[in-house]
Structures are given as structure tokens and as C-alpha cells.
Amino acid sequence: MQNSHHDVVIVGAGPVGLATARMLGQLGHDVVVVERWPEAYPLPRAVHFDDEIGRVFQSMDLADEVTAITEPVPDFYEWRNAAGEALLRIDWSGTGPNGWPTANFFSQPQLEQVLARAVESMPTVQLVRGADVIDIEEHQDRVVVSAGDTRVAKPGQVVSPTQVARTFTARYVIGCDGANSFVRSRMGVAMEDQGFFFDWLIVDTIPTDDKQWLPMNWQLCDPVRPTTIVSGGPGRRRWEFMRLPGEDPADLGTSETAWKLLGGWGRTEENTRLERHAMYTFAARWAESWVKGRLAIAGDAAHQMPPFAGQGMCSGLRDAANLTWKLDRVLRGVAEPALLDTYTSERSLHLQHAIAMSVELGKVICVLDPEQAAQRDARMIAGGADPAKVLPVAARPVLGNGVVLADCALSGTLAPQFAVEVDRSPQLLDIATGNGAVLLLASDQPAGQLLSASVQQTLAELDIIATSVAANGNSDLRDFTGEWGRWFDANSVAAVLIRPDHYIFGTTPGVAGAPELVAGYTARMRNGVATVPAPGAA
Ligand SMILES: O=C(O)/C=C/c1cccc(O)c1
């Protein structure tokens, strides 16, 4: 029997598992990804990522590869009633604060191919397909993952093996193994469920004509048949049809029904290839704890949400970005394992925002009663289809308690990624600074002249890059668009400490407060769980 030793075993080779492997591999760790299916799954599932996740792909050195398989959104994501009136218009056009298009559509098999190629090219990362995890044994200093060879009974169906064919020993195991996660079941954690369940038929197609789709993405809020019409990535279209009361899910989930419903949209075998159709029960739930001992979960293994905000995969990739820089420090022995507890506390609150938003959007479209639909229409039309007026979730998402400064307005929110100039060459901030934590100072002097030798030594020990940005003068980075200046001014801050996952640890009103900011971050990283008071707080 084969046995191999690693720093981390990742169970599941979907986008979240592969991204987690890529990020840990970039940090030099020995990682194996264990996937039960012998071949990459060829059919669509997730189709959307936002500007934050584009930045995460960029940090994985995959900006060009991902851009090449992606369709950015040029217009509004519209929600219309049966009469065609706008109920909600969400601006998905343009570039977001993370320096990437606000909304992007792709086909998951293509994305997985990009990610799989990337991890397979890394000397310390291995991808093992066809290995079905059947046991996980946790010891004080290691975890042993046992896998059998996958037996495919018929296309799309595996029979769980009973015999162990190989074992993988590691210091940590991360379950990126989907909604029915085996790793989660081994952790024995409870799920918090919002009780939001609706059945929908998802239909993925490849149009063979040259039809234009305007707007690119929209929702038909017609109680006769609530329907989603969105991109499925370049050259693809997705429809989602809500199951009506009395409809049998088995009847709705046939290709005959898919064609019948597509027919109502003028899509026939003459102009369309049916790529996939599947029934889904949308749910809104999350695990109460995402780390237990040496086991962790991420992505659908940790949470599921309705698709209407396009945040399912985005949330999973946020998990990967949050977990990997912390796990890196624990694996390197420069942080206590207690640092990993902040993965749950930070991400869970942020995730609950995404779930609340997705459920609110679900409440808009999953309405089958004509009376209720008419009331909804009147309310949303009166609100001018403005998301700020017609949706109840307005506050921006923020990380929960963790490696964040208390009493600091920007702590736990995303830092923007505006462009800067280095040696007259324009580039996005993270390209200029490289991956990792950044202390960004609003000053026309170089950071090296603003910080004492001892602060600079602490920064080096914590792998924090210190740099300054200003429109003029001798700053390290030139704010050639003025966007950084406006951001610092609007928030009344002059120093910001940005974590490796691009979230803000904290800010100070003056550059002079930077050493205290660094001291707070240092304490937080070393001590684990308690939140650090803001500089100057009593
Ligand atoms: O990527 C996904 O999982 C879902 C994307 C999406 C975007 C917009 C509307 C939807 O119903 C789904």
C-alpha cells in the first residue's frame, strides 16, 4: 500500500480545493489534492466571480489565463416583472475597486483546467485523481487520510470503495469536498440552516446562432414561471427555471422538459446545444465551525447559498484566501494554531452577509402568488429599482472578530487595488508590492525614511512590505490617477495595514501611528484570538 507524507492534504479538486493548493504551493508547502473522480468533471456549475476574486486569481499568478476564459459584464444585472418593468438594477459594469471587472462569467470546467494545470506545474503540489477518501484518523501531531480507488459504476455515479489503496499523512487536512463533505462529517460540526429551500431546474446551453443577449444577465420575476437568464461564460447561456407547486422534480429534470422550457425562449435544437440540465434545491446554510483540531473545511463544504447574487464560488475562494496565509504561518511555526480559529470567526460573519444578500434576492424572485408579486412589483418600482432602496441588506460585508483592529471603521473590509506607477510603469498595487501583507503609507517620502530601524526589522520578521504612495514627491509608488489620495482623504487615514488576503487589519489617521499599527498586528499574529484595541483607545 502506498503512503505519502505532506504538509497538507486537500480533499476535493474543485475550484476551491485547487486554489487552496495553489496558494499553499506558492508559499512553499508540500500539498496533495485528493479527488474522488478519475477525470476532471466536464460540465458547468459555477459561472460567476466578482472583482475581489479576480484579484485572488491575480495573486495566484493566473490573471492572463483566467481572463482568457472569462466574459466581463458590460451592463446592469436586471430584475424585471412579467410586464418587463425594472424591479431592480444592479450595476455589474466597469472595473471594481479591486482592479478587476465588477462581474465576470466563465465555464467551470475551463476554470478548473486552468487551476489544475497551474497546480500540476508546481514542484511541491500533487493532484491525485480517482482516490476516494474513506477514512480520516486524527492524531496529536498528524492526520492520516485513507483512500480507496474510485470505481465508476456508470457515468456520473461512483461506488464507494471498501478497501484502502493508499494513505496520505499530513499536518492538516482541508475538506473542499462539497455540500456533502466527508471531512465536515468527520469534524462533527452542526449546520446553521436558514430554512430557505426552493427547487430549480438549471439548463446550460451553447447557442449555435449569433443571437445577442441584452442585458447579459437578468431575472424574469414572473410568478407564472420565475426564470433566470444569464451568461454561462464565453459562448454559453444558462437558464434557471423555478419548479412550480405540483410539478414532480423528476419530470422537471428531464431533457424533454428542458427543451420545452427553452422553446418558450425561442431556443430549439436548430440554434442551441443542450450541455447540461440538473435539478437543484437551493439552500442557505453554513457550518458552525470551519476548523476543528487538524481538520478544516472551505467552500460548499462550509456553506451553501442560493445562486442569485453569484456568490457561491466567490465565497469559497474567499475562504481559501483567508485560510492559506494563516495556515502558512502555523505550518512555519511562527503562529500558534489558535490563529486558525480566526478563520471561522472572520469568514463566518462575512459569509452570512453573502447568504443574507442571496436570500433577499431569492425572496424577490421566488414568488409564485400573483397578489404578492403585484405588491412586490409596486414596492420595487416605487423604489426606482435602486438596490439601496429596494433591498434590505445595505451595509457592506465585513470580517468577524479576528486579525482585525477593534474600533477602526475600515478593519475587516477590503483594501482597494488602485493602480500605481513604479519607474513610470503603471501597474496594479499588488503587482507593485508582490503577494503578502502591506503597510501602505500616504506620504511623498519613501517608507524607508518614515519608519525606524526597529519597526523595519519587525516588518521584515512578519513579511510585511512597507511602501508609500503619493501623487508627487519621492514616494515609493506614484499615485498617477489620484485615486489613492482620494481614498486616504475620504477615509481620513494616512496609513493602512493590508493583510495577505487584501483585507484591512487597521488604519491610523497619521503616518506617525504606523508603528503602533504594526505592533497591534504583531501581537494579534502571535497571541491568537483576542482583538487588539485601536491605537490610542483607552
Ligand atoms: O456562479 C454561480 O454559482 C451563480 C451565478 C449566478 C449569477 C447570476 C444569477 C444566477 O441565478 C446565478
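Analyst: An N or O atom in the side chain of Glu 240 is 3.0 Å from an oxygen atom of the ligand. That is a polar contact, meaning a pair of N or O atoms within 3.5 Å; within protein, one atom must be able to donate a hydrogen and the other to accept it, and residues adjacent in sequence count only if both atoms are side-chain atoms.

User: Which backbone atoms lie at 2.8 Å or 3.0 Å from an oxygen atom of the ligand?

Analyst: For Val 47, a backbone N or O atom is 2.8 Å from a ligand oxygen. For His 48, a backbone N or O atom is at 3.0 Å from an oxygen atom of the ligand.

User: How much of the ligand does the protein bury?

Analyst: The protein buries 94% of the 330 Å² that the ligand exposes when taken alone. Areas of this kind come from the Shrake-Rupley method with a 1.4 Å probe, and for residues only the protein chains shown count as cover.

User: What is this model, and how are its residues numbered?

Analyst: The model is predicted, so local features need pLDDT of at least 70 and side-chain atom pairs count only at pLDDT 80 or more, while totals for chains, interfaces and linings use all residues. Residues are numbered from 1 along each chain as its sequence is written, and side-chain values use heavy atoms, with hydrogens and water left out.

User: Which residues surround the ligand?

Analyst: Ala 46, Val 47, His 48, Tyr 77, Gln 219, Thr 228, Val 230, Glu 240, Pro 307, Phe 308 and Gly 310 do; a residue is included if one of its heavy atoms lies within 4 Å. By class, this shell has six nonpolar residues, four polar and one charged. Here Ala, Val, Leu, Ile, Met, Phe, Trp, Tyr, Cys and Pro count as nonpolar, Asp, Glu, Lys and Arg as charged, and the others, Gly among them, as polar.

User: On to sheets. What is the order of the open sheet of seven strands?

Analyst: The order is E7-E6-E18-E19-E20-E17-E21, with mixed pairing. Strands (E, at least two residues) and helices (H or I, at least four) are DSSP runs numbered from the N terminus, and two strands pair if DSSP finds at least two bridges between them. Strand E7 (86-91) and strand E21 (272-282) are the edge strands, each pairing on one side only. Neighbouring strands are turned by 15° against each other on average, direction ignored. Such angles are taken between lines fitted to C-alpha atoms, for helices over the stretch in contact, and run from 0 to 180 degrees between N-to-C directions.

User: How many bridges join strands E17 and E20?

Analyst: Six bridges join E17 (residues 198-207) to E20 (residues 237-242), and the two run antiparallel. Trp 200 is opposite Met 242 in E20. Pro 215 is located in the loop between E17 and strand E18 (218-221), and a cis peptide bond with omega of about -10° joins Leu 214 to Pro 215.

User: And the open sheet of four strands, what order has it?

Analyst: Its order is E1-E14-E11-E10, again with mixed pairing. Strand E1 (2-5) and strand E10 (131-138) are at the edges, each pairing on one side only. From one strand to the next the twist averages 20°. E10 runs antiparallel to strand E11 (residues 143-149), joined by seven bridges, and Ile 136 has Val 145 in E11 as its bridge partner.

User: Why is strand E28 described as largely enclosed?

Analyst: Five of the six residues of E28 (residues 437-442) are buried, so the strand is largely enclosed by the rest of the structure. Buried means under 20% relative accessible area, exposed over 50%, and partly exposed in between (1.4 Å probe, protein chains only). E28 runs parallel to strand E29 (residues 464-470) over six bridges, and antiparallel to strand E31 (residues 495-498) over four. Leu 439 has its bridge partner Ala 466 in E29, while Val 438 is opposite Ile 498 in E31.

User: One last item: is Asp 61 buried or exposed?

Analyst: Asp 61 is exposed, with a relative accessible area of 56%. Its phi is near 60°, a positive value in a residue other than glycine, and its place is in the loop between helix H2 (51-59) and helix H3 (63-68). Asp 407 also has a positive phi, about 55°, and is exposed with a relative accessible area of 71%.
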